[in-house]
Amino acid sequence: MTFLEAVRQRFFAFLIVLGAAMVLSSVAFRFLDFGHGELKFIADFGFGGMFLFGSILAVVMTAQLFFAEMDNRTALTLLAKPLSRAEFLIGKFFGVWMILGLFVIILSALLGLVLWARAQELSLLAEQSGRVAPDFSISGLSIFALLQWLRLSVVAAIVLAIAAAARTFLFAVILGALTVVAGQLQWIAQDVLLKPTESVVYKSILWLTSRILPNLQQFNIGDALVLDSGTVAMSSIGWVILSGLLYASAYLLLGALVFRRREI
Amino acid sequence: MNSAISVRHLTKDFKIGLRGLKLRAVDDLSLEIPRGQVYGLLGPNGCGKSTTLKIILGLVSGTTGEINILGFPSATAEARRRTGFLPEAPYFHKFLSGRELVRYCAQLSGVPAVKMDDAVDSALELAAMTEASSRPIGTYSKGMLQRIGLAQAIVHDPELVILDEPTAGVDPVGAAAIGRMIRAMRDQGKTVVLCSHLLGQVEQVCDRVAIMDHGRLVLEGRVDEVLAQRDRHLMTIEGLTPEARLAAESTLAAHGARVTSVTHPRRSLEELFRELVTGSRDA
Amino acid sequence: MRPRALWIACLALLLAAGALSERSWLSVRSCIPEIGPKQIEPTIGQGVLLGILGGFRTVIADMTWIRSYVLWERKDRPACETLMRTACALDPHSRYFWENTGYALGYDMAHWEIRRRGGYAKVPKEIQDHLFKSYARKGLEVLDEGVRLSKGRAALLVFAGQLAEMKLSDKQLAADYYRQAAETVSPPWYAARFCARNEWDAGHPMEAYVWFKNYWLDRLSKESDHAPDDLALIRDMETHLKINLLSRIPRQSWEK
């Protein structure tokens, strides 16, 4: 039901269109490329679109779907049924999870198409000039899409946990957005934690922060997966996926516990 | 256990602001709602009846006290499985058809797949929504929305049905139809709890009423008992001439009775309205 | 399940996720271009943050580089240097930014500084030399970091060698850079020769000869043309150092 409601919203279509426009426009902007390699430049547009619009979708749509139920009082009707609070929240999560999956699949497919088309052209040019043709990995792109879906799912789970406690949609969106930024920059705390330090208090604070906030930067291995395939071990990807799944589960459980005590 | 709902010493305090001030919404309420009757819960705005309903449905937790529904604690899934609820001014997803909504609610309420179609059909029939069930909810009128809300509340054949303002904003014809549905549910053995500001309808439909004010129960009992003025009688007489009236008054005075008023009976505007427009349906 | 037990389970799950996240971060860290707080500090609020967060790194790096051109035109040394370094940090795998930043620092900015202080006639020669050397070292720092992070190691090492040679007049340092360049997988054809020449000029002729000889035997001799010019240079070295015949590279059939 959540998925059906979400997919009908113009906001979703708007973000898909924006993301697609970004990917397609990368070919037009390639004159700005300063020697990175055209495919890298195009890929970066795609990665950026998925990151930016995907994060907006995850934060705003999750909060909006939750608060729509509260404000319209459909939650009253649903929660009066033999449906536990946890089931309600998990149902919301899976609806959002499906919409995020659809978003990632569409954008990844489009990016793959643009990369393939450009790689074919560059390959012909390289043949003529006797140089090595640049290439990209479709399997790497698929794995990257999966990682982005997982990253956005973690964000959605966090926003649901926030929404379960928040009183207003705006508060949930702002806090959710700040959490995304903090999660993307959390790796700095993790790096500092790995270095020796004398301050126990400082280290304790960093330790706690690095546990509570997921390190979302670890999902940004698009360059290595798509353009340098073979440089990322499958075991590393496995660890990233496992940590993402654990975080999503932890925040869903937290959200369910908070929502249990909420008065409707 | 004869009670459909048993409320014992229920109190609910809401915290206001940061200083920890409390607002007492329900104050030591005790109530026994018997099974198989239509029970009216009345009171002015802010009296605590909506809060009481929400606590009964497990949407809000009480500060102290105990509530049981059909022998089960109110916050349990078992209690909710046996309860159907129609909220005030219900909102449903506009893109769903009436049948899809009722089916969705049936699934949530645990209706087995083998019985699904029959349950949905029965609920739609009772709510007189069979013809309109394939249309999107976005095209429904106010009365139709209430009726489809009723259908989703009863699709899983609950023993207890709670209706919050079921006829608010509905025309008298639609309201009368809903009143008939409520009586039909009672005849099926269900217990119906009705919250309404339309006292005329409550009086017609309910078997028992409870009146709340400032979070407390001020009156509870059978409708005809609480409304009857036992020390007065009403006679409707046809063909009363002035001479017959004088003779009747002196006879009554001789027996110690006193005639306090003589008026012509009036029918209500609702009765007149229904007499005139009974033929129109809003389906 | 009791509520308290569920809260404890939630906390345990979070901590487990965090511990796993630490491990997964260590395993993928090398795949992600580094950027630390120092590099971003001067440019936070100028749209660079978006690149750091994970999206559009390449694009933001390009935009930052273009903005540095504007500052280049104005000869705003501190701001130009900041933006150039930020572009390098945003896209550390790209050789272009490191190369041009190193060049700008090493060759150009000293002149801007001299002009800012009043011009060549006004600034004493000693101060000028100090500035040239100081900025050349800055340029080398940038190129060193680029060698560490980017994929264009050989080219950056050659540029570093040139900078050391021309601006620092440090032949030994230049030779070290050229040696590193020559020992990469696909070195420029002249790297070994430059290394040998600089090593020789730094006052280590025998070391220069030995290294260059072994390099020719291991790598250059296997090339299609056998690198005749390099062999000619080695022969000059052998003559100068009076290397005995048995220790020299055997005469090649194609040698004149």
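The secondary structure of chain B comprises ten helices and ten strands. In this predicted model, the C-alpha atoms of chain B occupy a box of roughly 70 × 55 × 40 Å along the principal axes. The domain assignment divides chain B into domain 1, covering residues 3-230, and domain 2, covering residues 242-274. A distance of 40 Å separates the C-alpha centres of domain 1 of chain B and domain 2 of chain B. Of the 283 residues of chain B, 39% are classed as buried. Among the contacts in chain B with a separation of 6 or more, 68% join residues 24 or more positions apart.

Within chain B, strand β9 (residues 208-213) and strand β10 (residues 216-222) form an antiparallel pair with six bridges. Asp213(B) is placed opposite Arg216(B) of β10(B). Two residues lie between the strands of this hairpin, and His214(B) adopts a positive phi near 50° there.

Chain C contains twelve helices and zero strands. Its order of elements, read from the N terminus, is accordingly α-α-α-α-α-α-α-α-α-α-α-α. Of the 256 residues of chain C, 41% count as buried. Residues 24 or more positions apart supply 55% of the contacts in chain C with a separation of 6 or more.

Confidence was examined for chain C and for the complex. Chain C has a mean pLDDT of 86, with 90% of its residues at 70 or more. Among the elements of chain C, the lowest mean pLDDT, 60, belongs to helix α2 (residues 37-40) of chain C, whereas the highest, 94, belongs to helix α9 (residues 171-182) of chain C. For the complex, the predictor reports an ipTM of 0.82 and a pTM of 0.79.

The interface of chain C with chain A brings 35 residues of chain C into contact with 41 residues of chain A. On the chain C side, the elements that contribute two or more residues are α1 (3-28), α4 (57-74) and α6 (95-116) of chain C. The greatest contribution to this side comes from α1(C), with 18 residues. By class, the residues of chain C that touch chain A comprise 21 nonpolar, eight polar and six charged.

Chain A also meets chain B, in a contact that takes 18 residues from chain A and 19 residues from chain B. Two or more residues of the chain A side come from each of α1 (2-7) and α4 (74-79) of chain A. Of the elements of chain A, α4(A) gives the most to this side, with five residues. The side of chain A that touches chain B consists of nine nonpolar, four polar and five charged residues.

The interior of the model was considered next. In soluble globular proteins, nonpolar side chains tend to be buried together. The largest nonpolar core holds 214 residues, of which Leu100(A), Ala156(A), Val159(A), Leu160(A) and Leu194(B) touch the most other members. Helix α6 (residues 138-165) of chain A makes the largest contribution to this core, with 19 residues. When residues up to four places away in sequence are not counted, Leu100(A) touches Gly54(A), Leu57(A), Ala58(A), Trp149(A), Leu152(A), Ser153(A) and Ala156(A). One of these neighbours, Ala156(A), is itself listed with Leu100(A) among the residues that touch the most other members of the core.

Terms used. Residues are numbered from 1 along each chain as its sequence is written. Chains are lettered from A and ligands numbered from 1 in the order in which they are written. This is a predicted model: local features need pLDDT of at least 70, side-chain atom pairs count only at pLDDT 80 or more; totals for chains, interfaces and linings use all residues. pLDDT is the predictor's confidence in each residue, from 0 to 100. Helices (H or I, at least four residues) and strands (E, at least two) are DSSP runs, numbered from the N terminus. Two residues are in contact if their C-beta atoms, placed from the backbone, lie within 7 Å. Ala, Val, Leu, Ile, Met, Phe, Trp, Tyr, Cys and Pro count as nonpolar, Asp, Glu, Lys and Arg as charged, and the others, Gly among them, as polar. Domain bounds come from an automatic or database domain assignment. A residue is buried if 20 or more other C-beta atoms lie within 10 Å of its own, exposed if 12 or fewer, and partly exposed in between; C-beta atoms are placed from the backbone. A nonpolar core is a set of buried Ala, Val, Leu, Ile, Met, Phe, Trp, Tyr and Cys residues joined through C-beta atoms within 7 Å. Two strands pair if DSSP finds at least two bridges between them.
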